[in-house]
Amino acid sequence: MALLEVDDLHVSFGTPDGVVRAVRGVSFSVDRGRTLGIVGESGSGKSVATQTIVGLTRGARVSGRATLDGEDLLGADVAALQRIRGAKIGMIFQDPLSSLHPYYKVGWQIVEMIRAHERGTSKAAARKRAIELLDAVRIPSPKIRIDNYPHEFSGGMRQRVMIAMAMALRPSVLVADEPTTALDVTVQAQVLDVMRDVQRDFGTAIVLITHDLGVVADMADDVVVMYGGQVMERAAKRDLFYRHHHPYTEGLLRSLPTAGNAGMLVPIAGTPPSLLSPPPGCPFAPRCTYAFDRCSERPPPAEIPGGGAHTSACWLPVERADRQRAVAS
Ligand code: SF4
């Protein structure tokens, strides 16, 4: 059994316009010391899926299974989820200012978090650990910076403070939701380096949610591609980049700037499906250049196109040479 396992997760929300089916049958897993990249555009359900497993989607209708080290997450009560958040699953988000309180020094915030979860820890011991954590995420002069307020840090440094805070209780999983989206490229690389350090030092499993395949290429061991609340393709990183099967993955890769395609980026035409009334067949069908009759009639099963853990929810044959025949038939 993997450290974190999510199986057939469904999440929906009641709204004045109807029921939004944000996540529909999503499964993934990640093990200690590994990084799972969950990639997809806005509204693909990637953040809702991970927020649900840590109890951050109150009011949502949820079904499926999610376990951390064998412990049930979806059936956990509020107190258990509060214990799990921070102590077992650390989280960082795109905007550290939404998680760091502007009125309190960063050191105080880290110390309070440690002491809230570990009641026997003295202030002095928690402060010492906070300094070590700031040092581990490469905050210069941590003994001085521990007494700074969040606004006294740059964007990249604030994100590193967030990583320190998320790791304060040595969680086994770090969920990072678009952690570098608001940062420029150089600072982004520094923050990703810090995440790698943390993983190496603590054996942490990382779930990295991003719309950026470049970040996935840099960080992930395995990748889940989401679209319209569903998993389109799941594969080891190398397979995803070099042996992908799903047309949506193909579209994402063609819209990724590389040294070889400067000036020839191909955007995916069209818009994502409404999650109020998702299409009955493949959710990508209205935008897919390969779509044929069956695609809009029945949802494709997530089958194994190449063996192993590689799956793709697409009716197309595995062999690319057979694709045109399938489309024309
Ligand atoms: Fe395209 Fe059909 Fe595959 Fe969906 S199932 S991605 S519409 S070919």
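The second largest pocket of this predicted model is lined by 15 residues, and those nearest its centre are Ser29, Leu36, Asp222, Arg234 and Ala309. Its volume is about 240 Å³. Three strands each supply at least two residues of the lining of this pocket: S2 (18-30), S3 (35-39) and S10 (230-236). By class, the lining of the second largest pocket comprises seven nonpolar, three polar and five charged residues.

The largest pocket holds about 400 Å³ of space. Its lining consists of 13 residues, and Arg85, Gly86, Met91, Met113 and His117 lie nearest the centre. The elements that give two or more residues to this lining are helix H2 (78-87), strand S6 (89-92), H3 and helix H6 (155-166). Seven of the lining residues of the largest pocket are nonpolar, five are polar and one is charged.

Two of the helices that contribute to the largest pocket, H3 and H6, also take part in helix pairs. On the H3 side the contact involves Ile110, Val111, Ile114 and Arg115, which meet Lys123, Ala126, Arg127, Arg129, Ala130, Leu133 and Leu134 of H4. Sorted by class, this contact has seven nonpolar and four charged residues, with no polar ones.

The second pair is formed by H6 and helix H7 (residues 185-202), with axes that come within 10 Å and cross at roughly 15°. Angles under 35 degrees count as roughly parallel, and H6 and H7 are therefore roughly parallel to each other. The crossing of H6 and H7 is right-handed. H6 brings Gly156, Gln159, Arg160 and Ile163 to the contact, while H7 brings Val187, Gln190, Val191, Val194, Met195 and Val198. The contact of H6 with H7 has six nonpolar, three polar and one charged residues.

Rolling a probe the size of a water molecule over the atoms shows where empty space is left. In this model, two cavities of 30 Å³ or more are counted. The largest cavity has a volume of about 90 Å³. It is lined by 14 residues, and the closest to its centre are Pro247, Cys282, Cys288, Cys295 and Cys314. The lining of the largest cavity divides into 13 nonpolar residues and one polar residue, with no charged residue.

The second largest cavity contains about 40 Å³ of space. Its lining is made up of Thr50, Gln51, Val54, Leu56, Met91, Phe93, Val175, Asp177 and Ile209. Helix H1 (46-53) and strand S7 (173-177) are the elements that give two or more residues to this lining. By class, the lining of the second largest cavity has six nonpolar, two polar and one charged residues. Met91 belongs to this lining and is also among the residues nearest the centre of the largest pocket.

Terms used
Residues are numbered from 1 along each chain as its sequence is written. This is a predicted model: local features need pLDDT of at least 70, side-chain atom pairs count only at pLDDT 80 or more; totals for chains, interfaces and linings use all residues. Side-chain values use heavy atoms; hydrogens and water are left out. Contact means heavy atoms within 4.5 Å. Helices (H or I, at least four residues) and strands (E, at least two) are DSSP runs, numbered from the N terminus. Ala, Val, Leu, Ile, Met, Phe, Trp, Tyr, Cys and Pro count as nonpolar, Asp, Glu, Lys and Arg as charged, and the others, Gly among them, as polar. On a 1 Å grid over the protein atoms alone, a cavity is a set of points where a 1.4 Å probe fits but cannot get out, and a pocket is an open set with protein on both sides within 12 Å along at least five of seven lines; lining residues have an atom within 4 Å of a point. Grid points are joined across faces, edges and corners, and a volume is the space filled by probe spheres set on the points. Axes are lines fitted to C-alpha atoms, for helices over the stretch in contact, and angles run from 0 to 180 degrees between N-to-C directions. Angles under 35 degrees count as roughly parallel, over 145 as roughly antiparallel, 65 to 115 as roughly perpendicular and the rest as oblique. A crossing is left-handed if the near helix is turned anticlockwise from the far one by less than a right angle, and right-handed if clockwise.
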